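Here is a friendly briefing for a first look at a protein model. Keep the 3D view open and find each residue as you read.

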Amino acid sequence: MIRGIRPLLHGSTYSGVLFAYCGALASLPLLPFALLPALSWQSAPESVQIVLVLLVWAALVGVAGLARPVRRALVVSARRLLRVPLPIPVAGRRTSGSPGLDHWRTPLWLVLHVALGWTGALVSGVLIIAGLTLPGGWLRSEAELSLFGWSVRAEGGWGSWAVALGCLLLAAAVCVVVTNALRWLAPRLLGPSSAERLALAAERERLLAERNRLAHELHDSIGHTLTAATIQAAVAGEVLSADPAAARAAMRSIEESTRAALEDLDYVLGVLREEQSGTAPTRTLADLPELLDRLRHAGAVVEPELSGELAQVQGTLSRAAYRILQEGLTNALRHGSGGPIEVRVAAGPDGLDLTVVNRTGARTGPGPGTFSTSGHGLPGLAERVRLLHGEFQAGPDGTQHWRLACRLPARASA
């Protein structure tokens with residue numbers, strides 16, 4: 001029997017019993033206030049006075065549970081002592097509308113916590129005292145335990161030892177029952193309410209969306225920079241002896257592009273580490289000429305065709321257009337044959353049209369050749385365009401060309 005109950009008395013049981021008894025002791029300061037109604041109604045029967053005291057005491061304990069700091073303290077202590085995975089309430093969070101039954105879950109928990117604590121303390125205390133006193137006369141003792149009209153008598157011999165051992169085992173079982181009852185009640189009464197669960201879900205969704213956006217930004221910026229830098233380094237190596245000026249220009253382009261990528265990387269890492277990072281680097285259509293120059297330094301032939309009032313394109317629309325073009329040009333550098341890359345940007349009153357067309361096949365110009373990719377580029381672009389309520393197409397255009405085209409509505413500029 002000892003072997004059967006020993007696994008139940010692990011660390012969480014001891015800490016859970018401590019949690020239960022501390023809750024019972026914490027209610028003692030409210031007991032004098034609960035005695036006042038009984039003292040003012042001394043003519044009532046004793047049983048009525050006891051019930052009145054217990055009801056007033058429970059009401060005072062429940063009122064104490066209405067305070068938000070009390071709930072936070074209970075959640076923290078339940079996490080540490082009961083080992084229950086409860087989310088800690090966010091300070092300052094308020095639920096909208098009528099609180100309903102959720103508002104009374106913490107007072108109910110506090111009342112049950114105190115009731116279980118006192119019940120466990122009294123019952124286990126009596127059993128432990130019985131277990132220690134029954135065999136007081138060793139093998140020739142005679143003892144009797146009486147409580148509320150109920151009595152147990154052991155007349156010496158091994159009977160007193162058996163009863164004492166049973167009392168101690170029952171005391172241990174009471175501790176296990178009280179701890180498991182509190183562990184079962186904690187998620188149901190101290191866990192997040194329906195409004196808090198919605199708030200937590202919204203917060204998780206916001207964090208996931210932010211991380212997804214940062215992943216897109218990092219992929220677009222670092223992916224383009226590494227592709228361009230690799231090609232530029234190959235170009236510089238090939239023309240280093242024949243055309244030192246061109247090699248130096250390629251190296252300067254690598255320096256400029258990697259410096260811009262480092263700014264993006266520092267910002268993204270700061271956000272992921274939840275640090276106070278600086279202002280997010282913004283790349284807009286105003287930076288498109290610089291992007292095209294870096295491609296030319298990498299040896300690419302770029303044929304831009306810009307129409308409309310591009311300077312009037314601002315905000316999210318301009319930033320998204322730059323990233324889409326950057327990813328499209330990066331794919332053209334990675335997988336193109338080295339032929340001309342056509343870039344068309346048309347701004348109109350209804351939106352923005354973007355097109356990147358490049359030749360496919362074996363690379364004919366300078367460069368490192370085939371790149372290994374993660375396959376996240378085009379799906380990321382499609383998702384970015386979808387979030388902006390735009391249209392996206394990417395695929396072969398004839399037998400020797402690849403075409404990426406998208407249309408972003410003007411309302412995406414908000």
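D353 counts as partly exposed, because its relative accessibility is 30%; buried means under 20% relative accessible area, exposed means over 50%, and partly exposed lies in between (1.4 Å probe, protein chains only). The model is predicted: local features need pLDDT of at least 70, side-chain atom pairs count only at pLDDT 80 or more, and totals for chains, interfaces and linings use all residues. Residues are numbered from 1 along each chain as its sequence is written, and side-chain values use heavy atoms, with hydrogens and water left out.

**The salt bridge of D353**

- D353 forms a salt bridge with R407, and their closest N and O atoms are 2.9 Å apart.
- The pair ties together parts that are 54 residues apart in sequence, because D353 lies in strand 5 (residues 351-360) and R407 in strand 7 (residues 401-409).
- Strands (E, at least two residues) and helices (H or I, at least four) are DSSP runs, numbered from the N terminus.
- R407 is partly exposed, with a relative accessible area of 30%.

**Other salt bridges**

- A salt bridge here is a side-chain nitrogen of Lys or Arg within 4 Å of a carboxyl oxygen of Asp or Glu, and by this rule the count comes to 3.
- One of them joins the side chains of R296 and D293, at 3.1 Å from N to O.
- Where do R296 and D293 lie? Both belong to helix 10 (residues 288-297), 3 residues apart, which is about one turn of the helix.
- R296 is partly exposed because its relative accessibility is 36%, and D293 is partly exposed at 36%.
- E342 and R344 also form a salt bridge, with 3.1 Å between the closest N and O atoms.
- E342 counts as partly exposed at 30% relative accessibility, and R344 counts as partly exposed at 29%.

**Two residues in helices**

- Is R323 buried or exposed? R323 is buried, because its relative accessible area is 4%.
- R323 sits in helix 11 (residues 315-335), and its side chain makes a polar contact of 2.9 Å with the side chain of Q326.
- A polar contact is a pair of N or O atoms within 3.5 Å; within protein, one must be able to donate a hydrogen and the other to accept it, and residues adjacent in sequence count only if both atoms are side-chain atoms.
- A261 has its place in helix 9 (residues 244-272) and is buried, because its relative accessibility is 7%.
- A261 and I222 are 39 residues apart along the chain, while their C-alpha atoms are separated by 5.8 Å.
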